[in-house]
Amino acid sequence: SLSDLAAKGARPYVYLLSVAFPGLLPPPWLEAFAMGLQAAQGESGIELVGGDTCNTLGPLTITVTAIGVLPQGEAVLRRGAMAGDRLYVSGTIGDAALGLKLLRAPWLEAEWGLSADEGAFLVERYRCPSARHALALPLRECARAAIDVSDGLVGDTMRLCKASGVSATIDAPRVPLSPAAGKAVARKPELLAELITAGDDYEIVAAMEASHAGGFEKEAEQHGVTVTAIGEVHAGSGEVQVLDKEGRALKLDRNG
């Protein structure tokens, strides 16, 4: 929810929390849950203002609705991208997907040539994602359209393109990878196609005029966020093509 607000250029304001408990949960679990909420509130500046608690015969259910604020008319929507715009993405892509793989198959750490610290970094990126609140103002100032990357870089870029009535190309070699992910892809090049279509990155893809690109990079750097130009927007109807280093289209089993 916080990542969605960041992609719209909104400042987190308040949230509602509804929890359905399957009977009495252990006090240590409740304490850890509350501490996690407190940490998220401290990082984002959001406050809990209401919601609901009840018991359920089914599984534990937690529902969050987050509300953000921004100047009227300045929301950065999915629609608005135009042919000729540059595509940017924040942070690095694919860390969470690799972290989930490591949780399911710890032996992959050695197969990918990773150190214990690198493996722990990837797992942390999966378990504890952070929303890009710091990009809210740069997005409002520079971007025509934006979307958070929660369901895969390619798939979410397709959503932005469909809403905007355009298409795009992504240059695979320009997609930013962390050192740990870069090591894994160097060992297993076939992983790249999976990383650009996997979820849980919680980064932001934005489209903007080429004349705003330099300003966006500087603004993002001043706010402590790395952004990378990964492609361009073209005329079309929602298609996204991913090109390899030879300029050939990659065949993907899925988009997101």
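**Pockets and strand pairing in the predicted model**

The second largest pocket is lined by Ala 172, Pro 173, Val 175, Leu 177, Leu 192, Asp 244, Lys 245 and Leu 250. The structure described here is a predicted model. The space in this second largest pocket comes to about 170 Å³. Six of the lining residues of the second largest pocket are nonpolar and two are charged, while no polar residue takes part.

Strand β6 covers residues 166-171. Five of the six residues of β6 are buried, and the strand is thus mostly covered. Two pairings of β6 were found. With strand β8 (residues 227-235), β6 pairs in the antiparallel sense, and five bridges join the two. Within this pairing, Ile 170 has Gly 231 of β8 as its bridge partner. With strand β9 (residues 240-243), β6 pairs in the parallel sense over four bridges. In general, the strands of a sheet pair through backbone hydrogen bonds, in either a parallel or an antiparallel arrangement.

A further set of strands, β2, β1 and β3, forms an open sheet of three strands in the order β2-β1-β3, with mixed pairing. Strands β2 (47-55) and β3 (61-69) each have a single partner strand and stand at the edges, so one side of each lacks a neighbour in the sheet. From one strand to the next, the twist averages 10°. Strand β1 (residues 11-21) and β3 run antiparallel and are joined by nine bridges. Val 14 stands opposite Ile 67 of β3. Helix α2 (residues 27-44) packs on this sheet and touches β1, β2 and β3. The direction of α2 makes about 165° with that of β1.

Helix α2 also contributes to the largest pocket, giving the most to its lining, with five residues. The largest pocket holds about 610 Å³ of space. Its lining comprises 21 residues, of which Ser 1, Leu 2, Ala 40, Pro 129 and Ala 131 are the closest to the centre. At least two lining residues come from each of α1 (2-7), α2, β3 and α5 (116-127). By class, the lining of the largest pocket consists of twelve nonpolar, six polar and three charged residues.

Conventions: Residues are numbered from 1 along each chain as its sequence is written. This is a predicted model: local features need pLDDT of at least 70, side-chain atom pairs count only at pLDDT 80 or more; totals for chains, interfaces and linings use all residues. Side-chain values use heavy atoms; hydrogens and water are left out. Two strands pair if DSSP finds at least two bridges between them. Axes are lines fitted to C-alpha atoms, for helices over the stretch in contact, and angles run from 0 to 180 degrees between N-to-C directions. Contact means heavy atoms within 4.5 Å. On a 1 Å grid over the protein atoms alone, a cavity is a set of points where a 1.4 Å probe fits but cannot get out, and a pocket is an open set with protein on both sides within 12 Å along at least five of seven lines; lining residues have an atom within 4 Å of a point. Grid points are joined across faces, edges and corners, and a volume is the space filled by probe spheres set on the points. Ala, Val, Leu, Ile, Met, Phe, Trp, Tyr, Cys and Pro count as nonpolar, Asp, Glu, Lys and Arg as charged, and the others, Gly among them, as polar. Buried means under 20% relative accessible area, exposed over 50%, partly exposed in between (1.4 Å probe, protein chains only).
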